[in-house]
Each structure stands twice: as C-alpha cells, then as structure tokens.
Amino acid sequence: MNKILFKKQLSKDVYLMRIAAPMIAEERAAGQFIILQVDEDYGERIPLTIADADIKEGSITIIYQVVGKSTLVLSKMEVGEELPALVGPLGTATHIEKFGTVVCVGGGIGVAPLHPIAQALKNAGNKVIAIIGARNKELIILENEMNAIADEFIVCTDDGSYGRKGLVTEPLKEICEREEKPNMVIAIGPPLMMKFCSETTRPYEVFTQVSLNTIMVDGTGMCGGCRVNVGNQVKFVCVDGPEFDGHKVDFDNMINRLNSYKEIERDAHNCYLDALVDEKEAEL
Amino acid sequence: MSHKTIEQFSEEAKILIADYVTKVDDLKPKERTKIPPQEMPAQDPSTRINNLDEVALGYTMEQARIEAMRCLQCVKKNCVDDCPVKIDIPRFIDHVAHSDFEGAAGVIKEASLLPAICGRVCPQEVQCQQNCTVGKALKDVDKAVAIGRLERFVADWERMTGKISIPEIKPTTGKKVAVVGSGPAGLVVAADCRRQGHHVTIFEAFHKLGGVLRYGIPEFRLPNDIIDREIETLTAMGVEIKTNFVVGKTRKLMDLINKGGYDAVFLGTGAGLPVFMNIEGESLVGVFSANEYLTRANLMRAFDKGKADTPIYPSKKIAVLGGGNVAMDAARMSKRLGAEKVYVVYRRTEVEMPARKEEVMHAKEEGIEFLFLQNAKKILGDEKGKVNGIECLRYELGEPDSSGRRRPVELAGSEFILDVDSVIVAIGNSSNPLISQSNPEMKVNKWGNIIVDEDQKTSMDKIFAGGDIVLGAATVILAMGEGRRAAEAINKMLAEETYSENQKIN
C-alpha cells in the first residue's frame, strides 16, 4: 500500500503529493510515469508523471491537476491515507546526454514532469534555457525550482498577470532565431501547446521532444488504447514513449482521440459534484 | 428456437436416469451410444444480454450422470491423447457415472489444477472431444461425450460442496521461485513449485490477479468467483502475492535473481500489444482493440455503469473484426453494454472460425450477426473524426494456405458500406515488449515471442517462460500445459542444486 506522506496545494486545482513507493523511488528515471487508482474495485487507472523521488524517504512526488472525478477524489485524500493501487515506474526514461543547449518548455501542469528532465540535463552538463508558461499567475508552478536549474529563465502568462505576456512559443521562436541555435527542445504541457511548440521549431530544424499523455488503461503494453501516429507508424505511448519526436507526432488525431470519453467523463464529474453538494446540504 | 430451462432439462434427465441407474455397469456400447447427449442448460438469451451472469449454467447431477454413461470406456483413449494435460478422462467419467464425484475430482486433479476454468474455456471440440469414439460412431463431433461439461460439473460440485482440498506441501527447501504474471501459466507454476516446498512469489502488474482470465474473459463465460477461489487455494498453500508490480520496471528481471535472492524465474507475462488491421481509419475515435474494450468492461468494471469510473464508449452499432474467442467475447460484451446491432466480420467462413463452437452458438442466440467472407477495407469517419461506417469487401475461399485453411480471396468491385459507429479489432496480439526491451540478451523470435527449449527454459540462466509470451495468442489450457512443463523443469533444477549443495556440506 502506498501512504500519502505529504500534500500541498500549489494553485487552485493543482496539488503536489509525496507518496510512499520505495521501490519506484529507487528505479525511476526522469521521464517515467506511474499509474494509480483511488479505488481498487471501481477506480480508473490514472497515469501521472513522476515529478521527483526521494530514495531515502522511499517516496515519489506527483503533481496533478483536478480535471475529473478521480483526480478530485485524489485531491480530497489526506496525509496518512493510503492509495489502494499504484504501479510503476512505467514508460521509457528520457535519454539524457550532453547535447549542448537545451530549451525546456513547460506549459501549466507540464512543468511538473519537465522539472526532473531539466535537472538531469543540467547535471549532464547542458546549458538549460527554461521557458514556463500558464494561463495566469495563479497557475504557474515550480517557478523557483526551475529558475534554480536554468541558465536562462523565462516566465510567460497568457493574460500578462505575471512575467511576459504571451504564449511560450514566442520566446521559443526568438531563441531558435539566435545565431547559436539550440541543440534540442523539450516541450511538455497541454497537447495544443506541444503541437505549437513543434510547429515553432520545425522551420529551424531543431529536434523537439514532446511527452505525451494519452488515454491509457493498463500502461504495460497490453491494451493499445494509448496508440498514436508518429511518422507513419503506430506507436504505443506506454512502452514506446511517453516521449516522441514532436515533428512527427500526429497531434490533431491524438487530441481528437483524447476527447473520446469527454462527454461521459464530464457527466460523471458533474454527477459526483452534485452528490458532494447533496452530502454537504444533508450535513447542514 | 424455444428456450429450455434448467428445470426442464432436470426433469427430462430424472426420467431418463431411472431407466439407466440400475444397469450402469451392464450397458452395451450400442445402448450407450443411444443415450441422448445432454445439452448444456443456459440462461435465456433475452435475459442474459442484460446481465453479466454466467451463460452456461452447468449440468444437473442427473444430466452429468447420464452424459457420463455415454462414455464407452475405450481401451485406446483418444480423448486422453488429445488432452494437452493428459487427464485420465475415461476414469474420471466412470466415477461420475457412479455418482462418485469426489473420486472424479481426484482423478482430474492428478493432471489438471484448474478444472473449473478449463471445463469452461477449453476448446474441447478440437481437443479431447475431437476423436471421441462416440462422436465418431454417431458421425458428429457435436455428439461426442461432453467431456468439458463433465469436467466443469465435477469442479463445480467440488467447489459448491466445499470439498476443495489444499494440496500437500513438502517441507521447506529454502529455494525461491518468482512467477511473473498471474494468468493461467503463472498460476500453474506457482502451485506446482510451491508443492515441492519452494517459496513462491507471484508478481502481477495489475491490481487484481488472474491475468487474461480476469481482464480478458468476461464473467458471463468465466465468473470472477472461480478465479478468486483458485487464488485463495494458492494463498492457503503459502504462495506470496505481489500485485502492482511490473517485473522489468518496478524491479529489473535480473535483480530478482541477483538482489531478490530468487533461484528461478518463470515469465508468464502473456500476450502483448494488440495487432491492428493496418487499414485507413484505425485511429478514428470509436476504434478499439478487443484488449482495451474487454479490459475496460471486465477488469475495470465498466459494465457497472453507476459505480465504475472507467468509461466505455457508448456504441450503438458495432463491428467486431475477427473470428476467435476474443472476438466472440467482445461482440457479446458490447451487446450487454447496450449496443443494438453487433456484427462479427470474418473473412473466411464459419467452418474456419477459431472460436469455440459453444461461444459461436451462444453469440448467435444473443442476436450477434455474422458477416462471413467479408472484411473491412477502410474505416470511415465523420467530420469530428468519429467512426461512422466501414467500407467492406466480399471474399470467396480459394486454395488452402500454409495454415491449411482455404485462403480468402477478395472479390474485386464488391465494396459495400456497413453502417456502424464503433469498431473492435480482435485479430490477435503481438508479444509484450517489456521484458525483451529491458533484457536485450533474451532471445526472441521475429514476432518478439520468447524462445524456449523443451523445458520452457529461455536463453537466460535460471529463467523460464511459458504461455502467450512464448506461444503468441493461444489458449488457456496450452498456457497451463507450458506452465506445468516449466514447473517440472524448475523443480528438477532446484532439486539438483539442493542435492549438490548438500554434497558439498557433507
């Protein structure tokens, strides 16, 4: 069983949890993810990237945004409670070596999985330029942590409430136009953001790696729900990924497939929210 | 076709048995072949398409005894020859004929560990029942002695009467065996190795045990209770179980041996990634592998719509591509999940279909439509990227191919559109890449299946493998057979090690 050791709300809907998982803490590498369930019989399997790990404490850190019923239930769990199921580390670890200059672009919650990768790249001797962005100041996470790693650090918000006003693709483009082009870009965030980062770097022929979070059931190479088109091949995010060459990913199809259950999930979420309201009212 | 209830079958059987019960030992072969074959009672199709309860209800005691009396007790036992685990079939059947069900269970257990499961899911018509003398005499394989149904009856009787015995465990050897995967192969290895006194740990990636028995085969064909009981037996035997543990990820394979102190590892990780058709439109919304669809419905309980958090696609008109058991399971499950129209699209004819006959029959009774000699050419989608049809082609059978089955040949210009909103692809699996990915020294064939010798030993020291990871997509009983062989080899290897260790000490 995996006990929740620490919990902190990072922004309105974003939470950080440290969870006891000693073996995963030892084996995990940057870029890998876990799958957890909030109920062993009826809970869904939620894939979440490992944001950090502490071998000594025997814990892993996850950062997640409340987007539906399961993440809402997770956010209501408290320190000391145990998760009924947690498995990992899954997926292929990020390939780390000294590339030269690497631009690490994180959008919203995507900064969480980006952080350990940026750290590993820095440790490997790369110059790290970090760009993090969100809709508004509230939603910026891990700013200090990223700033501590980065040789150059840029924050953007869509509404200009903090840092530079605009999308992360703008500074990314400027960096690509520099005399010394970056050697590599890593972009992690919402699918649309990764798509546009890839489109931004394409004309400059800067290799751009993205980390995909698709629909997934088992996460171990059995169900095939996570398939994406990369180049002209079908790839499976859980075993071939989660990282792929952003210039080759068919984002439009991926985004479309991500929405397969949107209506059902929205209904389930609303239904659960209604039930919570009913409970509260009953208590009153 | 009118549906006969279990009560009706029971009444008929009671009348029949009165005729035979006194002369069970004196029946001549001719008399035996005249006994009417006993049909399997089943839930009414119109009821069962709305529930997940088991379809086949099992023989009544009288039915079982009558069916058992049909067995000729042949000297040359074709049935045993054709059984992958060599159950002494005539002997167990003779016990059933004499109402000695405990004795029958004992005979089966000598060779098979999981009769309640095999009795339900084995393709008996191409195994033990295929060359049954009774079937031959009546010139109809469907009239062979219903060995599978009798096996199931005996196993169920044992379970219902609480007479399941915990096998004897030999004194502790101090040796440790890791079993990776809790599907049919792994369960058999765990039991067989534990019986020899070794410490056994099962590592399962999912949160629940049973592998394909749970995530793949629906409850209407194999209820979870039955899997649970088998696992309880293993736990009672002292087998250690670790769920949510992916060998190759949570721990590296070699670390089990080098750091975990395991003396042998059995890999029964099962089939892997689903194979797709490689046709246009397969990434549209509404196209699923049967693995995904069934895992959502079975393991993740999506059938329980109010309770389960895992969603399932709200299909109304669905096409299942393929003709095996998995295709039947997916088609019948989608019907139970509310699909109004379910097609099974298969490019050969019913004769070539690899699915169990009983499943095909049940599927037909449930209103599944079979489109034989047809195949999907292209999946069509609407402006939102959702499936709204399949372009199909018609086929005819040509010359036999390498598998001995007549090769389907497409009829040019025969395209037509099938109106569906979802497609389930059930044409097989490739291998699971997790182990071979992280252990490049593991020898695999061109499909990624692990290569083993006649003892199920892989190219890596102390590591054995069996089931679908070796065979590709095969059957439960073949996986069990491989597990049995692997366990025997592991036990032998460990016994030899213990012997030589003792020699050194002395």
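Which residue of β3(B) is the bridge partner of I202(B)? The partner is I241(B), and that pair is a handy way into this predicted model.

First, some housekeeping. Residues are numbered from 1 along each chain as its sequence is written, while chains are lettered from A and ligands numbered from 1 in the order in which they are written. Because the model is predicted, local features need pLDDT of at least 70 and side-chain atom pairs count only at pLDDT 80 or more, though totals for chains, interfaces and linings use all residues; side-chain values use heavy atoms, with hydrogens and water left out.

Helices (H or I, at least four residues) and strands (E, at least two) are DSSP runs, numbered from the N terminus. Two strands pair if DSSP finds at least two bridges between them.

Strand β2 of chain B, residues 199–203, pairs with β3(B) in the parallel sense over 3 bridges. Both belong to an open sheet of 5 strands in chain B, ordered β3-β2-β1-β4-β16 with parallel pairing. The edges are β3 (240–242) and β16 (463–465) of chain B; each has a single partner strand, so one side of each is left without a neighbour in the sheet. From one strand to the next, the twist averages 20 degrees. Helix α11 of chain B (residues 184–195) packs on this sheet, touching β1 (176–180), β2 and β4 (264–267) of chain B; contact here means heavy atoms within 4.5 Å. The helix direction makes about 165 degrees with that of β2(B). For such angles, axes are lines fitted to C-alpha atoms (for helices over the stretch in contact), and values run from 0 to 180 degrees between N-to-C directions.

Chain B has another open sheet of 5 strands, also with parallel pairing, in the order β6-β14-β7-β8-β9. Here β6 (287–289) and β9 (369–372) of chain B stand at the edges with a single partner strand each, so one side of each has no neighbour in the sheet. Its twist averages 20 degrees from one strand to the next. Within it, 5 bridges join the parallel strands β7 (317–321) and β8 (341–346) of chain B, and V320(B) stands opposite V344(B) in β8(B).

**Where the chains meet**

The contact between the chains takes 44 residues from chain A and 47 residues from chain B. About 3,800 Å² is buried between them, with carbon and sulfur atoms giving 53%; buried area is the accessible area (1.4 Å probe) that two parts lose on being put together, summed over both. On the chain A side, Y42(A), M222(A) and Y261(A) lose the most area, together 20% of what that side buries.

There are 5 salt bridges between chain A and chain B, a salt bridge being a side-chain nitrogen of Lys or Arg within 4 Å of a carboxyl oxygen of Asp or Glu. One of them joins R251(B) and E26(A) at 3.0 Å, N to O. Among the elements that give two or more residues to chain A's side are α1 (22–27), β7 (85–90) and α9 (262–283) of chain A. The largest share, 6 residues, comes from β7(A).

Two cis peptide bonds in chain A are set out below.

| Peptide bond | Omega | Where the proline lies |
|---|---|---|
| G88(A) to P89(A) | about -5 degrees | strand β7 of chain A |
| G241(A) to P242(A) | near 10 degrees | loop between α7 and β16 (243–245) of chain A |

Over in chain B, R301(B) has phi near 60 degrees, a positive value in a residue other than glycine. R301(B) sits in the loop between α15 (290–297) and β7 of chain B.
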